[in-house]
Amino acid sequence: MTAEYKVHGNVAVITLANPPVNGLGLSTRQGIVDGLEQANADGAVKSIVITGAGGAFSGGADIKEFGTDKAMQEPNLNSVIAAIENSDKPVVAAIHSVAMGGGLELALGCHYRVAAPGCSVALPEVKLGILPGAGGTQRLPRVIGVEPALNMIVSGEAIKSEMLAMLPGQKLFDKLVDSPEALAAEALAFAQSVADVRPMPLVRNLPCKHPEGDAYFQFARNMVKGMSKNFPAPAKCVDAVEAATKKKFADGLATEREIFINLMWTAESRSLRHLFLAERAASKIPDVPSDTPKRDIKAVAVIGAGTMGGGIAMNFLNAGIPVKMLEMKQEALDRGIATIRKNYEAQVAKKKLKQDKYEQRMALLSTTLSYDDLKDADLVIEAVFEEIGVKEAVFKQLDAVMKPGAILASNTSTLDVNKIANFTQRPQDVVGLHFFSPANVMKLLEVVRGAATAKDVLATVMAMAKKIKKTAVVSGVCDGFIGNRMIEQYSRQAGFLLDEGCTPAQVDKAVEKFGFAMGPFRMGDLAGNDIGWAIRKRRAIEQPGMKYSKTADLLCEKGRYGQKTGAGWYDYVPGKRDAIPNAEVVKMIEDHRASLGITPRKISDEEIVQRLVFSLVNEAAYILEEGIANKASDIDVVYIFGYGFPVHRGGPLNYANEVGLFNVVQAMKRFAKNPLDDAAFWKPAPLLAKLAAEGKNFQ
Ligand code: 3HC
Ligand code: NAI
């Protein structure tokens, strides 16, 4: 049982004990009900306290149970709350640290609530594509008012207990104690003080009204609609809270339950739940146990103060870790520092950063032209030009000066991390840290594990990633690692679509309608089309058989590199990011098509999206099979956090699972018959073919 029962004097204490966050799984729910029965049957017990062991009161329903029989099995959370409400003896929730989702709902079902300061209180279900399903939408408005409750339910954001306690007329907390340490004793004393109070108060009996209900809910609906494209849950939260104000409590609860169950089965909720678990699973490496010792990272060095070096440095400064930057020339250092200042100053101007915080961060930054000054750093990240000779020179110098045990990292996006590691006498200390541009903004970090990278180096950089608020995913060494290796196939396919009859705008529109932040051509313009051009030139030497559309080369030959040159697949007006279709580019594509003797055909949005997304999926299957990625969910995390893949689709492999791998393979077979397409391109990767044949999913 994952709830403990103890009696202190005449108070029974039920302690949820289901680490890490006292999720309300079946055995915990059963434990609460058993504890209530025991307390009610014991003549010596006068009142009951429910609290949580460890670092949470409760993080809510057990997310890992969702989709399994256990989630619905009795006692479900509503039944547990009914048992509390029907208890003959008063039940007091002693709330601390985290009271979220079902955890808060459990507390709202208790007769009284005593809280510690500093507790994060939330109904975050909307972030999982559902709404509170155990009375949260009905009870929270009754204790803090309709508008504050709806704000909390629609946003899912946590509010500190001491802030909630200040809401005028709030009935959420009967008492806010002075400190978390005082909670246990004060909750016991409170339980004793209310032992004989009858009738016992119930939140469900409180009134729930809004003076201008119709107008307010209409306004709320309009607001939510604008903010929650692609997600059904937020609008449903409004419906449920409105029901609380217009229906009897029991009917409102039934409305909430019905909406909850319907949302639970939506693809959007499945995707969000998948991503919640996928993001946390990404930090776990199969052969690197969680108790692997970690090295201390107290000081960081960054080599190269260019586009990436500056952004990388900012991550550490933001986390309060000192950074020393090295360049070849003082002017380059000055430029780099000026860019960092400009970025921070923009945040200060937008009131996102306080002036004193900005100054504190800058005070942690120092510069040097000499490698000797770096020797004491615990971690050094190289972000110099992408040329193997330059990397060799840098790593040889680092090997000569850095203290033993320092971690030597490269931000290379295409070069062989094993080769770089072997420039040193300590390949076990070398790792790839592939940040994404802009490095101070993008959440994704690909951690590239070399053949010799030590386990404690991996454990250290994964922990460090958390500290600098990155979502880290481990990739093995290969050309492009996980993300860029897949995007190359996607870009190739986008080129074939142009050859066959599409315009860049048509492709981008279809992909953006599917939910991508940006279609492939707008993305090319943002990243710089010259980057892909350089890769294709290299491929022409290394893999001469690889087929590409020539259109992107023709574009680059015109100097249309993208936003940085004011022109790419689209035109750009200085200072603006709007992509304006260009007739000459369309003509260039048409001329090229004609030169190949191709008669253009009309391609549907559905075909465009499938060809692009399934290009990603097929390459991902190779990546999984080769062990470059540890698990399918890691690939989804890479695409959601690094490439703007639509969140409501849960990542390319979650999407493929939703479509059904059989259907994915069938579509690929259809595409392979297209005379203009490269049949080899559409050959399903062996893993994909096998899973589809066995009726299985990517795991
Ligand atoms: N159920 C099961 N496991 C949970 C959980 C939950 N509700 N919430 C967190 N966990 C697990 C995580 O998976 C992770 O497990 P791991 O160590 O094996 O990877 C561990 O707890 C720690 O989580 P975090 O890494 O997120 O730790 P933090 O300290 O950063 O955050 C937290 C803790 C604030 C509780 C955060 O995990 C969180 O926001 N959790 C989600 C809470 C939530 O959405 N609750 C609603 C659930 S739905 C519900 O209650 C339905 C009801 O209305 C009927
Ligand atoms: P950049 O050209 O903006 O900056 C490179 C900086 O390194 C320059 O300031 C240069 O003066 C300095 N430098 C060159 N040789 C040096 C040396 N021997 N010692 C010290 N400093 C030296 O390049 P950018 O874009 O910052 O790229 C850096 C690295 O990051 C490359 O490996 C690149 O592949 C990788 N990368 C780039 C991304 C991007 O979007 N720009 C994304 C992810 C990785």
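This text walks through the surroundings of two ligands in a predicted model.

Start with ligand 1. It is surrounded by 21 residues. Gly-102, Glu-105, Glu-125, Arg-280 and Lys-284 are the closest. Sort the shell by class and you get 10 nonpolar, 5 polar and 6 charged residues.

Now look at single contacts. Glu-125 uses its side chain: a polar atom there lies 2.6 Å from an oxygen atom of ligand 1. Ile-63 uses its backbone instead, with an N or O atom 3.0 Å from a nitrogen atom of the ligand. Gly-133 also takes part through a backbone N or O atom, which lies 3.0 Å from an oxygen atom of ligand 1. Taken alone, ligand 1 exposes 980 Å², and the protein buries 73% of that.

Move on to ligand 2. Here the shell has 22 residues. Met-308, Glu-327, Glu-386, Lys-391 and Ser-413 come nearest. By class, the count is 11 nonpolar, 8 polar and 3 charged residues.

Again, follow the contacts. A polar backbone atom of Met-308 is 2.8 Å from an oxygen atom of ligand 2. For Val-384, a backbone N or O atom lies 3.3 Å from a ligand oxygen. Lys-391 reaches with its side chain, where an N or O atom is 2.7 Å from an oxygen atom of ligand 2. On its own, ligand 2 has 830 Å² of accessible area, of which the protein covers 79%.

Which elements supply at least two residues of the shell around ligand 2? They are α13 (307-318), α16 (388-401) and β15 (430-435). The largest share, 3 residues, comes from α16.

Terms used. Residues numbered from 1 in each chain as written. Chains lettered and ligands numbered in written order. Predicted model: local features only at pLDDT ≥ 70, side-chain atom pairs only at ≥ 80, totals over all residues. Heavy atoms only, no water. Near = heavy atom within 4 Å. Polar contact = N/O pair within 3.5 Å; in protein donor to acceptor, adjacent residues only side chain to side chain. Areas by Shrake-Rupley, 256 points an atom, 1.4 Å probe, with all protein chains shown as cover. Nonpolar A, V, L, I, M, F, W, Y, C, P; charged D, E, K, R; others polar. Helix = DSSP H or I, 4+ residues; strand = E, 2+ residues; numbered from the N terminus.
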